[in-house]
Every structure is written in C-alpha cells, then in structure tokens.
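Trainee: I would like to go through some backbone details and helix packing with you. Could we start with the loops?

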Number of protein chains: 2
Amino acid sequence: MPPDAIRATSPRPPLPSEPRNAASIEQWWDEFEVIVVGFGVAGGAAAIEAARAGARTLILERATRGGGATALSEGLIYFGGGTRVQKATGFEDSTENMLSHVQAAAGPTSDPEKVRLYCENSLDHFDFFCSIGVKFKDSYFAEKVIFPPTDDCLVFSGNEEVYPFSEQSPPVPRGHKPMKEGTAGGYIIEQMILTATDLGVKIQNESRVETLIRDDAGRIVGVLAIVLGKEVAIKASRGVILTTGGFIMNKQMVRHYAPDLAKCKFPLGSDGCDGSGIRMGIGVGGAAINMHEGLMTAVYYPPTSHIKGLIVNRQGQRFINEDCYHARVTDAIMQKADGVAFLIVDDSIYGKTMLPFEIAGIEDTIEALEKALDMPEGQLVHTFSSYNRFAERGEDPLLHKASKYVEPLLNPPYAALDLSAAKSVWAAFTLGGLDTRPTGEVLTVDGRIIEGLYAAGRASAGLTRSGRYYASGMSIGGSSFFGRMAGRTAAGRSTNGLTND
Amino acid sequence: MPPDAIRATSPRPPLPSEPRNAASIEQWWDEFEVIVVGFGVAGGAAAIEAARAGARTLILERATRGGGATALSEGLIYFGGGTRVQKATGFEDSTENMLSHVQAAAGPTSDPEKVRLYCENSLDHFDFFCSIGVKFKDSYFAEKVIFPPTDDCLVFSGNEEVYPFSEQSPPVPRGHKPMKEGTAGGYIIEQMILTATDLGVKIQNESRVETLIRDDAGRIVGVLAIVLGKEVAIKASRGVILTTGGFIMNKQMVRHYAPDLAKCKFPLGSDGCDGSGIRMGIGVGGAAINMHEGLMTAVYYPPTSHIKGLIVNRQGQRFINEDCYHARVTDAIMQKADGVAFLIVDDSIYGKTMLPFEIAGIEDTIEALEKALDMPEGQLVHTFSSYNRFAERGEDPLLHKASKYVEPLLNPPYAALDLSAAKSVWAAFTLGGLDTRPTGEVLTVDGRIIEGLYAAGRASAGLTRSGRYYASGMSIGGSSFFGRMAGRTAAGRSTNGLTND
C-alpha cells in the first residue's frame, strides 16, 4: 500500500476561513457597534434595523456597489395574511392560511419557529418595505409566469394552486413585485442604499472580508477586511452579521456539498456568492446545514399553453403534475427521472418558451414519437391514451393537474422538447448555510450560540430549504426578514458577551 | 416584530466540540505517538498499522470492549482484482474490472483518488485481513441474499449483475464474508483486538473522548478523555485519528443533516454512532461533507422469488428494476416514489421476507387490487399487462430486470406488500463525515490540512457516498483500508508539524 503514491490534494478555494486572534491585532482601523458583511437584501435589512435601533453600523460590500444576488433577481417578495395589495385586488388571506401554506412551502426540514415568525409578522414586513420607499401597485397579474413583466404587483408565485398544496389551504397569491417594469431586485437595493445612508450607516464598498476576529473567550469581536486594497482590522463591539450570500459561484463547494446543483449549467448569483461567510462561520465552529439543497429550475412556461403538455421520463411515464411551480417540476426531473425528461406538446399548445429548448423529436403520431425517443414500446402511447381519455372530462386522475390546464392533445405534429439537465438551461442557487436561531445567532453543531456572530440570507439556512416546495419571493422575503431580526438582535445586545436568553 | 417572543433554542446534543488550548493543560496523564479514538474496524486497522510502523499507539474506546457498528454487521468485506477466493471459485477479476465497477458503486460524488487506491491495493488489503488471522473459505454462495447464512465466503453483494451496471463491466462477486456462520463482524473485531494487543497497542476501554487539544500553531496535539470516569489529558506527539463512526444515533444531527434518514425507523449502528468525532473535527475547522447521504434499506429479499414481483409507486407505475441491491431499490422508493411503494406478487412467487411486511391488499384480479390500493384507473392494469406481455419472452424493456427474474405473473391471488417508509422496517446509517485526503488527513473547507488530525471510517466521507450505488462490504472494506492509511501516515510523520506533501 503506497501512501507515497497519493497525488496532491485537488485545488480548493484559496480564501482562509480560520479566525484571527484578537490579541494579535495591533491596531484597529475603526470601531462600530454592528458590522454587516455583504450588501444584498439581507445585509441591507440588517443594517437598517441595527441603525434604527441606534447602533453605529458599518456595511462592508465586496463589489463597487450593494446589490448581490438580490439585484439580479426579479425582486418578488412573499407577503401574506391580508396585505394592502391582496385586499385591494380582492384576495382574502389570513395569517393562519399563510402559515398553512408556508409550512409546506418551506419544506419538511424547515425551522418551524422561523416559519411561524415569518408569517405572523408578514404585514409588519410589508410595512418595512413601504417604510424604505419601495412601492407596490394595487394590481393582480393573472397569468402563470415567472414574474410579471409589467409593473403589476400580485402574482401566484409558487405552488398555492397546485395539487396537493391546493387541498391543504385555500390558494391565495402572495408574490408581490415592487412597482417596476421587468425585474425589480435592483430597485429594492437602491431604496435600501438610500435608507441606510439616511440613517447614517457607513457603507464601505470594494471591501472584502475574509477573516473573523475572535477574542480569547471565543466571542467574535470584529473582522479583517481588505478595504480598497489595504488589509485593516475593524472592531464590532456588538456583533458581526454575515450576509454574504450562498455558494453557487464556488464550484469546489458546490461539488463537495451539493452535487445535484453542479449538474446545472447556469449558476444564479452574483460573484460574491462564493460561500465566504459560510466558510468563516464554519471556521469558528458554526454548523452548516442543508448544504446539499438548492433551487434548480428549467423554465418551460410561459407560454401558459405549455402547461397543458405532458412531462415524461425516458420510460414515457408522467411523474409530476405539469402545473407545479417550475422549480418543483425541475426537482422532480432530477430526483425522479434522473435528470432526463421531455415536454410533449401538440401543435395547438406549442409556443416559444423564455429559454430555447432542443427539440428531441417531432412526429405525426405518438407511436412514431415514442420510437424516435427510443422509449419502451407502448409506454408513451399508454401515457397519452390514458391522459387523453380523462382529459375529455378535464380530469387528471394520475397526477391531478388543475383542470384549467387539462385538455386532450390531439393535434399533430407532436413535439418533444428536451428538459434534461444536460440538454437545456438549468439554473440553480444554493439553499444551505449556517445554522441560526431566528434572531440570526449562529449555532454550533451542539446548538450553542457563538457569541457576537450572526448570519442571515443565503449565508444561513433560512426560511426555505428546498426547491421542491418553494415559491418565488421566499428568498428575498426570508432573507430580508431574518436580516432585520439579526440587525435588531445584534444592536440590542449588551456588550458583555451575554446572550438574550 | 418581536424578537422577545422567540422561544429558546431547541435542545441539541450536549457534547462540546470546541477544542481545548494546549497551553491550558496543567498535567498530561500519558503520552503516545498516535491516539486512535474509537475501536471499530477503522480504528482497529489504524492502530494495527500505526503499531506495525513502530509508533507507540493508544486506542480509546467508549464501550466496555471494541466493536462499534462493525461488530453488529454481517462482516462482509468488498475485495476484488483476483483474490484467492475469487480464483478458487472460478471467477476472473482484475483491478481494471473492479475499478470500473467501484467507480460507479462509490457514487458520482466519490473521491476518485480513494476509489483508485482502494482497488489497486485490494489484494494487499485481503492479505492484511489474513495477516490478522481472519479466515475466508474458498467457497461461493450462489443465492441472492443480504449475506450468506452459512460460513461460505464469496457472494454478489451489490449491483454488479444489475442493469445498467452489468453493461458497464463484467459482473463478478466481490463480497467476502469471513469463515463464520451467520454474521461475522464481531469475529473481525476479535481478531483485531488480538493483533493489536500482540503489537503492544494500549487499548483503553470505557474511555470517552469529547474534546481535542490544539496548540497555538493550530496543530492537534492530544485529547481530553473521560477514562474510567476521570477526565485526563493525553498527548499525541504524531497524531489523533478519529474513527468514531457515523451519526445515525444522534437524532438531532440526523434531523439537521440527513432528513431522509430521519424517516427510517431503524438506525443501524452502535451507541457510539452519535457523531462525536465529526463534531470535534468541525470544531477545529474541519469540513463535513456528504452529510445528507446515507444507506437506507427495506429488505424484501430473500426469498429470491420476490425479485420476480413488481415494485410500483402509488400511481401503479414501476420505477426501479426489482433485482437491484436492496439499498438501491430503497433509495428509489424514497427519491422517486416519495417513500411510498408496494411489492406486487402473485401466489407462485409469494414467500416470507426476513422482515414482516404489512399486506396492503390481496385480490384475485389486478383490476381489484388496483382499486383496493386506490390507484388511478387503468394504471396498475397497464403496468401488469405490459410487463406480462414482454415477460413471456423473459424481457423487461421498461427497466431491464435480468431475465432470470422475469416471468409473467398469472397465478392469483395477487398481493401488495407495503414497502413504504412509514409502513415497514426501513434501516439506515449515515455516509457523511469529515472531508479527508486518502491519507486520512482532515481538510478544512478550503482544502487545507489540519495538522495532527486524521479521520477514517464513518467519521469521514469515505469510499462510498450513496446507498443508490452501494454494495455490501464497502463500508467495512473502505473503513479498514483508509483506517490503515491513516494509521501509517500518522505513524510515519515527523513531529515538527510538516505534512507529507
């Protein structure tokens, strides 16, 4: 057995994650009460709440301007319980109803306490966004879309109307897009920059944080940052809040922790989503959980007509109701169909998707298409004949697609659009991170609190834990909500190292 | 938003994982060159190799005697490349052939270097077991079983004969059970205890290790242990090897890291499998990877005749070839069928399984069974008629079950045995742990080596990473092999803190 023959360790990311000892710091460049690392929606919310609570607050942002993954997103926020917009557009919602859906949508491994707090405080959270100047139009966008392309607000953004969720609680739309045509993530961040500046938060852009500073008692007391090219130590007398985003841009971490996500060609995130905060947290004993999970999506609607198609695996079997939220469908393709699936459409429902798809086959009969796709004899034919038979009555006894999307497919030619991970544009981001209390306090594997350290947003394991149940707006919603919690908790803490417990 | 309303942190495991500073140690109870924590097959192998390399070695075992999960297991070891037993029983194998299968069986996220070393050194590893007195009979057990109930040795213990693996490399049996009727795990450990004792290894039972000791340079230099009820500090001048097992007995960790495994009713492991080593490793900056993965199994064969049945989901669709290794089938039930599946048998193949199953339905026709199981109309009927049609020719075009298991099911009554996670005995153990080099050196998230710290066995992410591809014998095989590597590396290192690189 030749250990000498072992090749060198494969290259891994270069950033250190081990903390620096406070005793070794000769000079502090500056001192704040609260330091927030990373200016996406979580960091902005944390800083605003900390400043409103009276804390002298610094945000360190790696890029030339705040934004992060939030600024690249559509900007949907998941609110409910009877918001102004819901009421104005005639939708009746309640905290209980919202809670019932979010308990499902956050996934079976979510933190029930985070789910409860998020729902119970949703109206307050809507008001928070209003208070920083984010505007919402009192309008509803009725199409099934990824996000409203107009400046309309309310939209069904998840699985509310979809079986089995629709049987668990009355379906209500809760995706709220700020009043902005197209995507609105950047607009949210701009309002946060204005608000934080007004509150006296110091925003230091082009500042990279690689290292936490820890005192002998184990408390996090500051950060080492490369500010405009120079390494400096900055003290945080009350706490450091990590809002650095997820790790989808860190190929090594994705491969190690979330191999399914590594199969997706298109990482959804900003350059900063390289896991730096998660790694700093682990380096001081923090537990990273849910690290294999993420949201994967292959967009096949709009057009809405495509939802009337059949998604089949390589055996020609259906395995997911096609009207699910796109990420739920994509999760099913990965987990249930080993990443290989086709959307079968007939000529009357064929339409252009937002993303181009390879056409795996186009034939005048299902028999011929089955053959062209190299499927076992009689399988796709059975799937179709059985589907069409019940579709005459608007029924889908196999998978319970909503009847508005159920109609017989009878109009040749029949085409198979390739939804496979290897053949189409799958986008992905991570949903694992540091284990935190709802206050943002970072926990060790043993559930002890690491003094002085907080995390929110994708650097933490937040509100939602799986693309299988997800709704658009839950990331920005959850990240901002628990960012606020972290900002408040950090600002309200005494500086003698005692926790709030 | 009321942070005050947040309830206390839910209770988590009480063991600390943070290291103690070496400077705070007033008195060392004893000093060794290598300390091995936990005496399962990984720990035994590590200690034997360390001692053979001349290192003064201590094993600290929590229980009253070595054994761990190994002693509870069947004792199969995965060897190949042309072992004495393979040759004597007429099977031709080669390193290349073994490598080809193990590359698949270790799972797509395995470490290619570990896979390569394991296969290239398999004959040496067989000799190692012979050298410690473990005997293997030159015999082959031809039935498809979980393990040979006799003292026979060689058995197909994985997916070698199963589609698609059978198309990738010529099928050869590689499960080797030591010459012992029934299970043989305890016998392996007894031989290790004898060998280690002969080599002068000090074996300290009833010794619990909760804390690593780290010097100011970050090197692990010993452990704090509760030895026979008293806390003592023990120095390790060359290294500490964590071979403490997985974490299936730690409900909190399972819930956090591996929610699918939490759905399995029967944890496979010893009391020591509570993740203590993984937690100590994380506490000094080690990366824990693959933490959501494990092996889950619902045993439905023997009898071999059951493999001729059809496993269907709640829609009445087949989704996995029924002749796969049991854990691969169970993984498919969890991932593809949401944990709900039935094994449909007719009267001619019905037989008693090793574990009792609930019978979800028993009817004289498939139509009636479909109805009794509340499946969509026509689905199970199609599955059966299509299967039977091709089975007349011994073919299974849908999922490629091997023709020796394919025959039409025509002899009523038809019964549905419930294989669902909630309704049957699913057993599970974990396959995630500390990220290590093949030498056992523990790595940080950034891929740096933590000086003086090694891990092997289930405390590390080892040879196999997923029950979906697994073969019996890979855990004991991989744990012992990489235990040996860790023992040798630790013993051969200089004490000045330099690595082998």
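Trainee: In which loop of chain A is A:Leu228 found?

Mentor: Please keep in mind that this is a predicted model. A:Leu228 is found in the loop between β9 (220-227) and β10 (230-242) of chain A.

Trainee: What is phi of A:Leu228 near?

Mentor: Phi of A:Leu228 is near 50°, which is a positive value in a residue other than glycine. Most residues other than glycine have a negative phi.

Trainee: And is A:Leu228 buried or exposed?

Mentor: A:Leu228 counts as exposed because its relative accessibility is 57%, and the cut-off for exposed is over 50%.

Trainee: Which positive phi does B:Asn290 have?

Mentor: For B:Asn290, not a glycine either, phi is about 60°. B:Asn290 lies in the loop between β12 (288-289) and β13 of chain B. With 5% relative accessibility, B:Asn290 counts as buried.

Trainee: Changing topic to peptide bonds: what is omega near for the bond from A:Pro302 to A:Pro303?

Mentor: Omega is near 15° there, and the bond from A:Pro302 to A:Pro303 is cis. A:Pro303 sits in the loop between β13 (294-297) and β14 (310-312) of chain A. A cis peptide bond also joins A:Pro412 and A:Pro413, with omega about 5°. In that case A:Pro413 lies in the loop between α14 (379-391) and β17 (414-418) of chain A. Most peptide bonds are trans.

Trainee: On to helices. At roughly what angle do the axes of α1 and α8 of chain B cross?

Mentor: Helix α1 (residues 41-52) and helix α8 (residues 185-198) of chain B cross at roughly 25°, and their axes come within 10 Å. That angle makes α1(B) roughly parallel to α8(B), because angles under 35 degrees count as roughly parallel. The crossing of α1(B) past α8(B) is left-handed.

Trainee: Which residues meet there?

Mentor: From α1(B), the residues are B:Val41, B:Gly44, B:Ala45, B:Ile48 and B:Arg52; they meet B:Ile188, B:Ile189, B:Met192, B:Thr195 and B:Ala196 of α8(B). By class, this contact of α1(B) with α8(B) has 7 nonpolar, 2 polar and 1 charged residues.

Trainee: How many residues of α12 in chain B are buried?

Mentor: In helix α12 (residues 326-336) of chain B, 11 of its 11 residues are buried. They include B:Arg328, B:Asp331 and B:Lys336.

Trainee: What covers the buried residues of α12(B)?

Mentor: The cover includes α12 (326-336) of chain A, together with α7 (165-168), α10 (259-262), β13 (294-297) and β14 (310-312) of chain B. Just after α12(B), B:Asp338 takes a positive phi of about 55°.

Trainee: What does B:Ala287 touch, not counting residues up to four places away in sequence?

Mentor: B:Ala287 touches A:Tyr257, as well as B:Gly433, B:Leu434, B:Asp435, B:Leu443, B:Thr444 and B:Val445. B:Ala287 is in the loop between α11 (276-283) and β12 of chain B, and at 3% relative accessibility it counts as buried. From C-alpha to C-alpha, B:Ala287 and B:Gly447 are 8.5 Å apart in space, while in sequence they are 160 residues apart.

Trainee: Last one: which side chain does the side chain of A:Arg116 join in a polar contact?

Mentor: The side chain of A:Arg116 has a polar contact of 2.9 Å with that of A:Glu113. A:Arg116 belongs to helix α5 (residues 112-120) of chain A and counts as buried at 15% relative accessibility.

Note on methods:
Residues numbered from 1 in each chain as written. Chains lettered and ligands numbered in written order. Predicted model: local features only at pLDDT ≥ 70, side-chain atom pairs only at ≥ 80, totals over all residues. Heavy atoms only, no water. Helix = DSSP H or I, 4+ residues; strand = E, 2+ residues; numbered from the N terminus. Buried < 20%, exposed > 50% of the residue type's maximum accessible area, 1.4 Å probe, protein only. Polar contact = N/O pair within 3.5 Å; in protein donor to acceptor, adjacent residues only side chain to side chain. Axes fitted to C-alpha atoms, helices over the stretch in contact; angles between N-to-C directions. Parallel < 35°, antiparallel > 145°, perpendicular 65-115°, else oblique. Left-handed = near helix turned anticlockwise from the far one by under 90°. Contact = heavy atoms within 4.5 Å. Nonpolar A, V, L, I, M, F, W, Y, C, P; charged D, E, K, R; others polar.
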